[in-house]
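Look at the sequence and structure first.

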Amino acid sequence: MQNGQGEEDPSSARSLALPAVLQSGGAVAYLFLLPSLVFLAVFTLWPIVSVIWGSFHARRGRSQIFVGLDNFERIFGDPFSQQVILNTVGYVTLSLLMSVFGGLMLAILMNQGLKNIGFFRFPFLATIAMPMVSVASIWLFMYSPRVGLLNDILGGLGLPRSNWLSDPDLALPGLFVVYLWKQLGYFALFYLAALQSLPDDVLEAATLDGVTFWQKLRHIIWPLVSPTTYFVSTIGVLNSLQQVDHVFVLTQGGPNNATSLALYYVYEQGFKWFKTGIASAMTVVLLAVLLTMAILQFVYLERRVHYQ
Amino acid sequence: MYEIDYKMTSQRKTWQKILPILALGFFGLVWMVPLFWTLAAAFVPTTELLNGGPLVWLQNLHFGAFEQAWSVAPFARFYLNTIIWVFGLLAIQLVTISLAGFALARLDFRGKDQIFFLFLTQLMVPATVLILPNYQTLVALGWLDSYQGMMAPYIASAFGTFLMRQAFKQVPKELEEAARSDGANWLQVLWHVFLPVTRAPLLAFSIVSITYHWNEFLWPLLITSSVEVRPLTVGLALLVQSSEIGAQWDQLSAGTLIVAVPILILIALVQKQFTNSFLSSGIK
């Protein structure tokens, strides 16, 4: 098998099994990759380059002029966009905590008892699969001050009613609840898979020794699912940065800018007010966050490969 | 399995089994409340919904809200548009990911690592973040307000390509060599040998792609402007915005259900497959 011919790249020695077709294989490979590469270049690589260029420019009439770091100074200096950043950081942090702790707790519940409890899981799967626009319309109804079920329930319990989405203090948490309702099951799925891959006797043994649930959670389950926790945190952040459909349907960033998130800000600046420079700069900030996360993940995976 | 089987422990064990199931059932019911409320709102006139209990509701069931919603917004057309863009995209993606995945898994060529990294970039930078520059590209291409414009950022799929690459790597070499020695070219090998044994990952990818794009909103909203192209999600959002002032909740609820029900049925039918597919999407 090991008779690599002439031009064979030594680094790919493992696939020497088809020496006779290597040359033609190369040409075929490029042909097969061509459609994907064209679209990757135009819709993934080029936009990254162009948005970085755009972030250092501003529109003056019909032309773009170079403005250095002005756009970034605007983003970090202007109270309006500062609040957007603050909203986003708060929202992402909350969803990080929710995806990890909420997801794990729901998964532990789902992992109990009967093997086939698809019926019990359906509610949480159904919301994952529904469009965020539908989910948001449902909650528009739930939150409605006049006919909303939420105020009905609160009123019934003797608690004060609120105008949820018009109250600057309640609107962002209100949006977060919508996101939580939709996505909690998604994160639970990953933990559920992790829990089911643990050997049964590990969990059983702990139950018999009379340790409390919290001890078991902290000292046995939590360390064992830590790779999943890392993974879930990553997709939790990615997910919450990308979902803005509910902002469109429920609040349009209001009241008083209280619910504007980074991606919604990109939309407003770029598509409503045509400030492409500012919108590009915010996109670059988002890209920087994503890149940092990718690097962290890479480092983490390397460490695991080397030291475990 | 274990020696300790006193009455106390076994009783405790029974409770330990039942309690979480009860908790999960209760939690699941609470989780469904918004959905039930929407369901009720779509079939019961809003005044009865507010004043009466479930008994009054049952006496006042009507389907008028669906007819109204269907006539206020051209949902039939939106349905057609969604189906064309979601399934058209899927068909193209299945071709691109199979070809690219095969090349990365089974063929040798220069620059493989660099190309691999290029795909990886797409996993790191989701298309949603790149709406602004991609919109500008569509303007330059003249693809605004078109199906191909909606599809373009997703035609190359790093997730799908990696999924297929992984699956193709597990196909035994002997199968490939047998076909090659019979004189089949690579395209025939891919079609006759590899694709028939990788239906599971193809299905998994399809489920993820359909759900994701059926539900997609922001990108179609930005680039479409005519009824002939707009998908369901955008149609619903416009209905919500137009009816918010008048607060015609029964119409709104009916519209919400019109958009969400097909996906809910799909999930109910393939719940297990759906779960596994979404777990594999976590490869990201």
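The text below covers some backbone angles and then the interface.

This is a predicted model, in which local features need pLDDT of at least 70, side-chain atom pairs count only at pLDDT 80 or more, and totals for chains, interfaces and linings use all residues. Residues are numbered from 1 along each chain as its sequence is written, and chains are lettered from A and ligands numbered from 1 in the order in which they are written.

Most residues other than glycine have a negative phi, and most peptide bonds are trans. The peptide bond from A:Gly254 to A:Pro255 is cis, with omega near -10°. A:Pro255 sits in the loop between helix 11 (245-250) and helix 12 (262-272) of chain A. Helices here are DSSP runs of H or I with at least four residues, numbered from the N terminus.

A:Gln252 is found in the loop between helix 11 and helix 12 of chain A. B:Asp145 lies in the loop between helix 7 (131-141) and helix 8 (147-151) of chain B.

| Residue | Phi |
|---|---|
| A:Gln252 | near 50° |
| B:Asp145 | near 55° |

A:Gln252 is partly exposed, because 13 other C-beta atoms lie within 10 Å; partly exposed falls between buried (20 or more such atoms within 10 Å) and exposed (12 or fewer), with C-beta atoms placed from the backbone. B:Asp145 is also partly exposed, with 15 other C-beta atoms within 10 Å.

At the interface, 81 residues of chain B are in contact with 77 residues of chain A, contact meaning that C-beta atoms, placed from the backbone, lie within 7 Å. Helix 1 (residues 7-43) of chain B gives the most to the side of chain B that touches chain A, with 15 residues.

Definitions and conventions: Helix = DSSP H or I, 4+ residues; strand = E, 2+ residues; numbered from the N terminus. Contact = placed C-beta atoms within 7 Å.
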